[in-house]
Amino acid sequence: MTILLSTLNARYTHASLGLRYLQANMGDLQDVTHLQEFVIGARTTDMAEKLLQSKPHIIGFGVYIWNVEETTKLVALLKRVAPEVVIVLGGPEVSYESGEQNIVQLADYLITGWGDVTFPQLCKQILHGPKPLMKIHAGVQPPLAELTMPYSLYSDEDIKNRTLYVEASRGCPFKCEFCLSALDKTAWPYDLDLFLGELETLHARGARLFKFVDRTFNLNIKSSLKIMQFFLDKLEAHPEDPVYAHFEVVPDHLPDALKEGIKKFPAGTLQFEIGIQSFNPEVQTLVSRKQNNEKAAENIRWLCENSHAHLHVDLIAGLPGEDVASFARGFDRLLELGPHEIQFGILKRLRGTPIIRHTQEYGLVFDPYPPYTILATDRIDFNEMQQLVRFARYWDLIANSGRFAHTLPLILRESPFANFMRLSNWLYATTDATNRIALERLAVLVRQWLVLEGMDEEVAAEVVRSDYAGQANTKLKTQAIHKAEQTVLQRQARHMAVG
């Protein structure tokens, strides 16, 4: 009797926290429950062969927006070659609008919402009876104190090679309509002392890279300070072997006590994910996003000027009520604040999110296939939206990559969004591509663009050459933070090798 828990992760370095929660809470079935993770892009037949090697009775799949298409193919294949294996689905992608999904029709059972309690119960019924009559089961949401934390199930291999995902709380009190957390009633905290005890054990095992999945890390400042102090204590005790922590923070809630703690983190040890999404108050109201824009801007500027934290700040194009001009103003405003990376995202219609209530009034047109990206609105037509999509890709290649530190200000100048959009349109017209552009070719193209804009050819070549040679990269926090992540992973590997 074997139960497998499986999913297709976006990258090998991602370890599924959700699957480990399920395994940790399997009770009497834990000894016969095993993990089998894959990475998107793997051959369907290879994955099916590996899953069936242990002759499982039940396979539970975690289904997400990024893996639903490949998981559907995998489930279809499994049902052809091993129809006796019971397939149970769970995860955010199949928890809503499930009746219309092919993968749900193929599977035997579906658990919507939380699966920590419901999945083991369903497995017991499948294995020992009485056989469940209903295909779809609404997940029971227990008090967090009743759940077993999963961190002991991170293997030595996980610690050696992967980012470790952790959560001090679940849920979110905010109602931003483009996010699945809008359906939560509040945020639920774990027992903080127990949680920090788990982090202590992970650290003792060699873990140094921790990524918090909490939606609102700085919602409860007392808890935030206690968690940050845990990492500061480790940094003080072992400055030669530093930890690295990644948090998602609310931009307009940064009291002085939290700032004092943030200032103590040395470079390369702290990253903040900050969601601005839009600076347009009317758009924010439409999508139920409460945000003090002035306070948020003030806090981002403070973090840039007074801390070593790496800032990754998000904007979303295609929100209802926002046109290109409004988005451009927000982009320029955010750029002026100086974050290390601006993640330029395009709105996606996550299943179950309330954003669809604006579909008719604001002419929202979404791609019917994952990841359900916005194609047009009443303010942004399809052609303009495609230009924004290409802008986002080129922005990653040129700005967020950190490879053009000296060149980027010469591209952006006094009108950053407008000037980069012109470069983006020219790059696409010249290359007919947004992917697989070699760095050498990109450097040549950027140099050509500067010359077309009136710069002396020798000057343009020298500026691009200085970046391309890497003279600027060592000064960039963007590059430093990526290097820090790799360094921490290497350090974890050394710890495990010694152990």
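Asp-158 and Arg-162 are both buried, and their side chains meet in a salt bridge with an N to O distance of 2.8 Å. Arg-162 also lies over the face of Tyr-12, at 4.6 Å from the ring centre. The model is predicted. A search of the whole structure finds 25 salt bridges, and the count of aromatic pairs comes to 26.

**Salt bridges**

- Side chains of opposite charge can pair when their charged atoms come close.
- Arg-357 and Glu-177 form a salt bridge in which the closest N and O atoms are 2.7 Å apart. This pair links distant parts of the chain, 180 residues apart: Arg-357 is in the loop between strand E14 (341-346) and strand E15 (365-366), and Glu-177 is in the loop between strand E8 (169-171) and E9.
- Arg-357 counts as exposed because its relative accessibility is 54%, where the cut-off for exposed is over 50%. Glu-177 is buried, with a relative accessible area of 4%.
- Lys-295 and Glu-298 meet through their side chains in a salt bridge of 3.5 Å, N to O. Both lie in helix H11 (residues 293-306), three residues apart, which is about one turn of the helix.
- Lys-295 is partly exposed at a relative accessible area of 33%, and Glu-298 is partly exposed at 43% relative accessibility.

**Aromatic rings**

- Among the 26 aromatic pairs is that of Trp-114 and Trp-188, an edge-to-face pair with 5.9 Å from centre to centre and 85 degrees between the planes.
- Trp-114 lies in the loop between strand E5 (109-112) and helix H5 (118-128), and Trp-188 lies in strand E9 (residues 187-189), so the pair ties together parts that are 74 residues apart in sequence.
- Trp-114 counts as buried at 16% relative accessibility, whereas Trp-188 counts as partly exposed at 22%.
- Phe-247 and Phe-272 form a tilted pair, because their planes are at 45 degrees and their ring centres are 6.4 Å apart. The pair links distant parts of the chain, with Phe-247 in strand E11 (residues 244-249) and Phe-272 in strand E12 (residues 270-277), 25 residues apart.
- Phe-247 and Phe-272 are both buried. They belong to one aromatic cluster that also includes Tyr-151, Tyr-154, Phe-195, Phe-210, Phe-212, Phe-217, Phe-230 and Phe-231.
- Arg-333 lies over the face of Phe-279, at 4.5 Å from the ring centre.

**The open sheet**

- Six strands form an open sheet with parallel pairing, in the order E2-E1-E3-E4-E5-E6.
- Strand E2 (33-39) and strand E6 (136-138) stand at the edges with a single partner strand each, so one side of each has no neighbour in the sheet.
- From one strand to the next, the twist averages 20 degrees.
- The parallel pairing of E5 and E6 runs over three bridges. Leu-110 has Ile-136 in E6 as its bridge partner.
- Helix H1 (residues 17-24) packs on the sheet and touches strand E1 (3-9), E2 and strand E3 (58-62). The direction of H1 makes about 170 degrees with that of E2.
- Helix H2 (residues 44-52) also packs on the sheet, touching E1, E2 and E3. The direction of H2 makes about 170 degrees with that of E2.

Conventions: Residues are numbered from 1 along each chain as its sequence is written. This is a predicted model: local features need pLDDT of at least 70, side-chain atom pairs count only at pLDDT 80 or more; totals for chains, interfaces and linings use all residues. Side-chain values use heavy atoms; hydrogens and water are left out. Rings of Phe, Tyr and Trp (its six-membered ring) pair if their centres lie within 6.5 Å; planes under 30 degrees apart count as stacked, over 60 as edge-to-face and the rest as tilted. Helices (H or I, at least four residues) and strands (E, at least two) are DSSP runs, numbered from the N terminus. Buried means under 20% relative accessible area, exposed over 50%, partly exposed in between (1.4 Å probe, protein chains only). A charge sits over a ring if NZ of Lys or CZ of Arg is within 6 Å of the ring centre and within 35 degrees of the ring normal. Two strands pair if DSSP finds at least two bridges between them. Axes are lines fitted to C-alpha atoms, for helices over the stretch in contact, and angles run from 0 to 180 degrees between N-to-C directions. Contact means heavy atoms within 4.5 Å. A salt bridge is a side-chain nitrogen of Lys or Arg within 4 Å of a carboxyl oxygen of Asp or Glu.
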